[in-house]
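Please read the following report alongside the sequence and the coordinates shown here.

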Amino acid sequence: MFSINPFAGISGSISPALMQWYVVLMVVLVAAGTLFDIVHKGSAKYFFENWRKSKSKSVQQVEGGELMSIAMQTALVDVLASGEFCNARRRIAHLLTMYGFVIHVVATAVLVFAYPTTPTPAVWPNLWWIGALMLLLGGYWFWFFIRVDVAAEGNSPFRVMHADLFVLSLLASVTLGLIWAWLQASGSAASGVFFGLYILATTVLFAGVPWSKFAHMFFKPAAAFEKRVSKANGTAENLPTLSRDDPEQQARHSMELLRDAPMDMGLGIKREAPRHY
Amino acid sequence: MPTFVYMTRCDGCGHCVDICPSDIMHIDPTYRRAYNIEPSMCWECYSCVKACPQNAIDMRGYADFAPLGHSVRVQRDEQKGTIAWRIKFRNGTEKNFLSPITTKPWGQAIPKLAEVPGPSKEMRDSQLLYNEPKWIRMDEGGLRTLDDAGLKLKKGIYY
């Protein structure tokens with residue numbers, strides 16, 4: 001089951017060209033939805049306005065090489081390692097979901113475009129399943145246990161809101177996709193029904209970009225980059241920049257009581273998860 | 001000056017919900033981000049501002065001077081044991097402060113209150129508050145001083 005290309009299995013009833021067109025249509029919908037979101041919310045306009053404001057107030061200029069290095073840090077730490085999360089469980093869940101999604105989507109594209117009817121190397125269906133299972137592990141863990149209104153507000157995990165459109169359509173798409181592949185491999189007649197539901201959930205996921213938080217994968221890195229630049233140019237969004245790491249600060253009268261204290265005092269209130277609602 | 005949340009910075013971690021003594025920081029049911037449900041009940045204790053790991057919470061200034069560019073922002077660094085304030089005045093003056101919030105690693109100096117004997121009947125009937133004689137030293141000498149604590153008063157202002 002894990003080595004069978006499920007898309008080649010239905011190529012008899014649905015032409016591979018149609019499946020390929022569907023994938024292209026989904027890519028177009030994501031691009032168009034993201035552009036609409038940017039124009040509708042004015043996010044790019046505010047991003048560049050903030051950028052100019054921060055630059056005009058900067059204490060030190062950040063140019064060329066340093067900007068490149070900040071962009072690299074953003075890509076490596078904030079994007080590839082989900083570095084902005086301060087809660088370790090949420091970070092792990094996000095990494096599982098993000099990498100699972102990327103692996104699953106790439107494997108889907110390869111299966112549909114490169115091996116629509118021909119025999120498929122086992123590695124691609126394997127990756128399709130592994131990516132989907134990683135995504136489901138991270139996604140359901142997040143949905144039932146660590147999302148904020150369950151963890152911090154004590155609400156039921158079954159309370160569904162508009163804000164859940166992205167997560168739920170993502171989980172529905174992948175869950176239904178796996179059920180369809182499993183039914184198809186076991187020769188069940190119900191596989192057609194689940195294929196229809198799989199396509200429906202997938203269409204909601206990609207066509208719902210303007211109404212869901214799908215576009216966060218584009219604007220979150222921009223916000224993380226802006227945050228790092230504002231720290232480097234000294235404005236830091238008006239946040240304090242003094243730190244005990246600086247020897248000059250260690251010598252301050254106000255730091256007298258911490259003169260012999262260790263640099264890492266451990267965690268205070270953040271030792272416990274915020275679940276005391 | 002109640003709190004407000006920068007929605008683009010908040011990641012909905014729930015630390016402000018946890019710490020708010022008035023229980024007015026909650027998670028918005030639509031956007032899954034924190035918000036102050038009742039600004040008129042906020043007494044500006046700054047607990048949520050300091051607890052927020054993303055620095056996503058700020059204080060709304062009074063309407064007559066808020067638009068003129070002042071700013072009071074704070075960063076509580078638990079690991080370093082410090083709290084830093086950056087205060088910007090409307091005329092561009094800026095003041096920065098850095099102070100300790102603990103002198104021992106967290107969790108080492110926990111008062112074992114369960115082991116402390118409760119007040120006697122005589123203490124209960126007294127006008128004094130619990131532990132008041134001990135801590136203001138009415139019973140064992142003068143008031144606490146800088147010398148007692150091994151500190152010296154220095155001339156001038158030190159930041």
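Predicted model: local features only at pLDDT ≥ 70, side-chain atom pairs only at ≥ 80, totals over all residues.

## Contact between the chains

Chain A contributes 40 residues to the contact and chain B contributes 43 residues. On the side of chain A that touches chain B, the largest share comes from helix α7 of chain A (residues 148-151), which supplies 3 residues. That side of chain A is made up of 22 nonpolar, 11 polar and 7 charged residues.

## The largest nonpolar core

The largest nonpolar core holds 55 residues, among which B:Cys16 and B:Cys48 touch the most other members. Two or more residues each are given to this core by α5 (88-113), α6 (123-146), α7, α8 (165-185) and α9 (191-207) of chain A, and by α1 (15-19), β2 (25-27) and α2 (47-51) of chain B. The most is given by α6(A), with 8 residues.

When neighbours within four places in sequence are left aside, the residues in contact with B:Cys16 are B:Met25, B:Ala34, B:Cys48, B:Ala51, B:Cys52 and B:Ile57.

## A sheet in chain B

In chain B, 3 strands are arranged as an open sheet in the order β5-β6-β7, with antiparallel pairing. Because β5 (71-77) and β7 (94-100) of chain B stand at the edges and each has a single partner strand, one side of each is left without a neighbour in the sheet. On average, and with direction ignored, neighbouring strands of this sheet are turned by 10 degrees against each other.

The antiparallel pair of β5(B) and β6 of chain B (residues 82-88) is joined by 7 bridges. B:Arg76 stands opposite B:Ile83, a residue in β6(B).

Technical notes
Residues numbered from 1 in each chain as written. Chains lettered and ligands numbered in written order. Contact = placed C-beta atoms within 7 Å. Helix = DSSP H or I, 4+ residues; strand = E, 2+ residues; numbered from the N terminus. Nonpolar A, V, L, I, M, F, W, Y, C, P; charged D, E, K, R; others polar. Core = buried A, V, L, I, M, F, W, Y, C linked by C-beta atoms within 7 Å. Buried ≥ 20, exposed ≤ 12 C-beta atoms within 10 Å, placed from the backbone. Pairing = 2+ DSSP bridges. Axes fitted to C-alpha atoms, helices over the stretch in contact; angles between N-to-C directions.
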